[in-house]
Amino acid sequence: MEDDYLARIGKLIRDARQHRGWTQSQLAEALSTSQSAVNRIERGNQNISLEMIARIGEALDSEIVSIGYAGPMHLRVVGGRRLSGSIDVKTSKNACVALLCGSLLNKGRTVLRRVARIEEVFRLLEVLNSIGVRTRWINDGVDLEILPPAELDLESIDADAARRTRSIIMFLGPLLHRLDRFTLPYAGGCDLGTRTIEPHMIALRRFGLEIAATDGLYHAQVDHEVRPGRPIVLTERGDTVTENALLAAARHDGTTVIRNASSNYMVQDLCFFLEALGVTVDGVGTTTLTVHGVPEIDVDVDYSPSEDPVEAMSLLAAAVVTESELTIRRVPIEFLEIELAVLEEMGVDCDRTAEYAADNGRTRLVDLTVRPSKLEAPIDKIHPMPFPGLNIDNVPFFAAIAASAHGKTLIHDWVYDNRAIYLTDLNRLGGRLQLLDPHRVLVEGPTRWRAAEMMCPPALRPAVVVLLAMMAAEGTSVLRNVYVINRGYEELAERLNSVGAQIEIFRDI
């Protein structure tokens, strides 16, 4: 029981330290102790006095570090308010996690600019730190510096952090070049049903990787004599599958052709990052990628991931369902053109500025202004397709938008086993959604949203959709245990409040 208490206190201290943007060494200096002592405290391996807890709380300026367990985070939403002004889109969650995994290819210093400060990133940093990678937030906590060790310590991997993110699966591609054998915990993340890693294995076997899955671990063994002699054809045009193949090809001493590759935004960002590392990638933005790998990568690289089109869609949906006029700045337009075409067919009134370049110099951005609109249900069903089709992660937002439109809209979320089911949580808020089967939902609008108290769905995008509906509902709603939202969005409540929302963050006492 005491060990559990110490582990909880340690986790609170670690989370507060990372939120402040401090390293363990910086906290140790503020406390006049050693980095190893801070490390033991955060792992729950050292007794800690009430005086030390108070000193840590003062050093980190954090109310979270307190006696007892802070408990999960909840949101109290006063709805029916109109949004106004402008809001910037943050950098891409999915690109940032891919680049963190990609940093394992490099023996030199990697600096990533404006990294999303989200739980998914924090979990990956915990994993990287546990295997010997040094990371620190620089430039007032805006940018991230990554310094790899000469040798990775996979034996010390933080299994709990690894199991809380599906992104750990993208360690396979970089690690197969560094080790003959290793183990990784099973991948976690959102509860979206069965998601097999077999497409990853079909691609990575061509580089000599074999995996046996037992006891909650992937046991990997690498035959470095095996090399891809012909093009790799992915059996699934998935984003992470393509990224894993790219990460494996990057340090393959030769040319690798990847066919049926995803050309989505995070894949393109990873390709641009690999080019900064000295890897040549032909065909970026297409479904055939040709990678000219280099066996050793030891460079100091500075890279800026682009903005997140799914966050842009979230903010756009927030404006639509609250009937607001809102300007969304730094929208990666290339990855939202289909969504905007569908929305304009439904009657959304919006305009955009001329295009300008993102900080990576490659991605095209616009500023988008949305105005209150009279919406009609689309004639065709809403369904995702691989890029350049409607983004899979943007489908849930159409549930809230369709609920605001006149008529019936069929949403076919064919990719995930469970996600369409979570959309019916909108019925608790006054929606009229009929689940036709595990993948199809019929949405009838318009909706008179009403306030409610409910648990957060265990999937990221449906959870945000519920939050948006609460913002549109007159009265006060409560959304409990919003960790899943924090996995993918940086300070979403605070940022929505900056444009007129009224969302209070609170925890159980």
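This tour moves through a predicted model, stop by stop, naming what to select and what is found there.

**The nonpolar cores**

Begin with F171, F182, L184, L246, L479 and I485, which touch the most other members of the largest nonpolar core, a set of 153 residues. Next select residues 460-472, helix α16, which gives the most to this core, with 11 residues. Another core lies apart from it; this one has 16 residues, among them I13, W22, V38 and I48.

Return to L246 and display its surroundings. Leaving aside neighbours within four places in sequence, L246 is in contact with I258, V267, L270, C271, L274, V281, L289 and V291.

**The sheet around β12**

Now select strands β9, β10, β12 and β11, which form an open sheet in that order, with mixed pairing. The edge strands are β9 (232-233) and β11 (280-282), each pairing on one side only. Strand β12 covers residues 288-292 and pairs with β11 in the antiparallel sense over three bridges. To see one such position, select V281 together with V291, its bridge partner in β12.

Helix α10 lies across β10 (255-259), β11 and β12, and runs at about 25° to β12.

Within strand β10, select T256. Is T256 buried or exposed? T256 is buried, because its relative accessible area is 1%, under the 20% limit. Not counting residues up to four places away in sequence, T256 touches F207, P228, I232, A249, L289, T290 and V291.

Then move to G278, in the loop between α11 (265-276) and β11. This glycine is partly exposed, at 44% relative accessibility. Select V299 as well: G278 and V299 are 21 residues apart in sequence, and their C-alpha atoms are 8.4 Å apart in space.

**The sheet around β1**

Select strands β21, β22, β1 and β23, another open sheet of four strands, in that order and with mixed pairing. Strands β21 (453-455) and β23 (502-507) stand at the edges; each has a single partner strand, so one side of each is left without a neighbour in the sheet. From one strand to the next, the twist averages 20°.

Strand β1 (residues 73-79) pairs with β23 in the antiparallel sense over six bridges. Highlight V77, whose bridge partner in β23 is I503.

**Two helix pairs**

For the second pair, select helix α2 (residues 24-31) and helix α3 (residues 35-42), whose axes are 8 Å apart and meet at an angle of about 105°. These helices, α2 and α3, are therefore roughly perpendicular. Their contact is made by Q24, S25, L27 and A28 of α2 and by Q35, V38, N39 and E42 of α3.

**The cysteines**

How many disulfides does the structure hold? It holds zero. Select C96 to see one case: the nearest cysteine sulfur, that of C101, is 11 Å away, and C96 is in no disulfide. C96 is buried, at 1% relative accessibility.

**Backbone details**

One joins F387 and P388, with omega at about 15°; P388 lies in the loop between β17 (364-371) and α14 (397-403). Another joins G445 and P446, with omega at about 0°; P446 is in the loop between β20 (440-445) and β21.

R114 has phi near 50° and lies in the loop between β3 (110-112) and α6; its relative accessibility of 27% makes R114 partly exposed. N139 has phi near 55° and sits in the loop between β4 (134-138) and β5 (143-147). With a relative accessible area of 45%, N139 is partly exposed.

Notes:
Residues numbered from 1 in each chain as written. Predicted model: local features only at pLDDT ≥ 70, side-chain atom pairs only at ≥ 80, totals over all residues. Heavy atoms only, no water. Core = buried A, V, L, I, M, F, W, Y, C linked by side-chain atoms within 4.5 Å. Buried < 20%, exposed > 50% of the residue type's maximum accessible area, 1.4 Å probe, protein only. Contact = heavy atoms within 4.5 Å. Pairing = 2+ DSSP bridges. Axes fitted to C-alpha atoms, helices over the stretch in contact; angles between N-to-C directions. Disulfide = S-S within 2.5 Å. Parallel < 35°, antiparallel > 145°, perpendicular 65-115°, else oblique.
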